[in-house]
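Here's a friendly walk through one structure, taking in its cavities and some of its helix pairs. Have a look at the sequence and the 3D view before reading on.

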Amino acid sequence: MTPGHGDRTPADTAHARTTLGKARTENFPVAPAFLPRAWRDGLTAVYGYARLVDDIGDGDLAPGGLDAVLLGLDPAAADEPTAMLDAVEADLARVFGGTDGPPRHPLLLALQPVVREHGLTPEPFRALVEANRQDQRVGRYATYGDLLGYCELSANPVGRLVLSLTGTSTPERIRRSDAVCTALQIAEHLQDVAEDLRRDRIYLPGEDMRRFHVSEADLKAPSAGASVRALVAFETERARELLDEGAPLVGSVHGRLRLLLAGFVGGGRAALRAVTDAGFDVLPGPPKPTKSGLIREVAAVLRSAPRKR
């Protein structure tokens, strides 16, 4: 029997739970308990897929090659991101009714009923795979526009899926959601400058690095000099402006969805506040918001959002 194509073992299930457990490290709540069960299940399934794809692209899969086996590959393929992303995309086709059986990976198998219940389309899921393929080819972004194009693949599909899962998607909400998701992606990049550089990736636009006289060598220092801090402050303000642009999304909905979206916006603001409080020195390690800081930012978003009538 093809590995990963038969009955799920307790080890497979535990492995999937480990991947889902990474939600606790995100800047924003993924599927908080106050949401209806159907929404939580849907958001958890989408997160599991997105986390798996990102872990493949970043080389962060659990050791042992189990994810490769679950996708029908040799365990050694776990160290080959391109092959793994191809296998995930093939499994995604099974989610959407492929002819060669059900999805093989338990995280994609869990996604299938969510896709069917909510009538989700494959495009946002494929975009996440393509973003991680791009990470294998592209390690530098010449312009801010180039970076925004990457975020269109890597971040914005997640917000669009949230709107689709909750039945609240409209063109205006999609526009606001894209602004929030791009801001969240940029905030994460700012927190992870040192970690990304270890993967030979720089998500600070080259044109901005030149403007602030920042070299790649400057980013390898144990702490940031004045030029790096000025550059990070500039990008932080850009991300903050995107969050402000997207924040009216919160006021366009009501009830528990309003709380969820406030969590996304507040989480982004809390992350940017952590970067600011670190004096824009992100090189020693990722500045992380405190739980109390996150709560304050979410509360501020809710207070400032006009109530939907």
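## Cavities and helix pairs

The lining of the largest cavity is made up of eight nonpolar, two polar and no charged residues. Here Ala, Val, Leu, Ile, Met, Phe, Trp, Tyr, Cys and Pro count as nonpolar, Asp, Glu, Lys and Arg as charged, and the others, Gly among them, as polar. This is a predicted model, where local features need pLDDT of at least 70, side-chain atom pairs count only at pLDDT 80 or more, and totals for chains, interfaces and linings use all residues. Residues are numbered from 1 along each chain as its sequence is written, and side-chain values use heavy atoms, with hydrogens and water left out.

Back to that cavity: its volume is about 70 Å³. The lining consists of Gly159, Val162, Leu163, Ser177, Val180, Cys181, Leu249, Leu261, Phe264 and Val265. Helix H8 (156-165), helix H9 (171-191) and helix H15 (255-277) are the elements that each give two or more residues to this lining. Helices here are DSSP runs (H or I, at least four residues), numbered from the N terminus.

A cavity is a set of points, on a 1 Å grid over the protein atoms alone, where a 1.4 Å probe fits but cannot get out; lining residues have an atom within 4 Å of a point. Grid points are joined across faces, edges and corners, and a volume is the space filled by probe spheres set on the points.

How many cavities of 30 Å³ or more does a search of the whole structure find? There are three.

Now for the helices. Two packed helices are described by the angle between their axes and the distance between the axes. Axes are lines fitted to C-alpha atoms, for helices over the stretch in contact, and angles run from 0 to 180 degrees between N-to-C directions.

| Helix pair | Axis distance | Angle |
|---|---|---|
| H2 (residues 37-58) and H5 (residues 106-118) | within 9 Å | roughly 135 degrees |
| H2 and H8 | 10 Å | about 155 degrees |
| H9 and H13 (residues 226-246) | within 7 Å | roughly 155 degrees |

Angles under 35 degrees count as roughly parallel, over 145 as roughly antiparallel, 65 to 115 as roughly perpendicular and the rest as oblique. So H2 and H5 are oblique to each other, H2 and H8 are roughly antiparallel, and H9 is roughly antiparallel to H13.

As for handedness, a crossing is left-handed if the near helix is turned anticlockwise from the far one by less than a right angle, and right-handed if clockwise. H2 and H5 cross in a left-handed way, while H2 passes H8 in a right-handed crossing.

Which residues make the contact between H2 and H8? Trp39, Gly42, Leu43 and Val46 come from H2, and Leu161, Val162 and Leu165 from H8. Contact means heavy atoms within 4.5 Å. This contact has six nonpolar, one polar and no charged residues.

The H9 and H13 crossing is left-handed. Among the residues that meet there are Arg175, Arg176 and Val180 in H9, and Glu235 and Leu242 in H13. By class, that contact has nine nonpolar, three polar and four charged residues.

Definitions and conventions
On a 1 Å grid over the protein atoms alone, a cavity is a set of points where a 1.4 Å probe fits but cannot get out, and a pocket is an open set with protein on both sides within 12 Å along at least five of seven lines; lining residues have an atom within 4 Å of a point.
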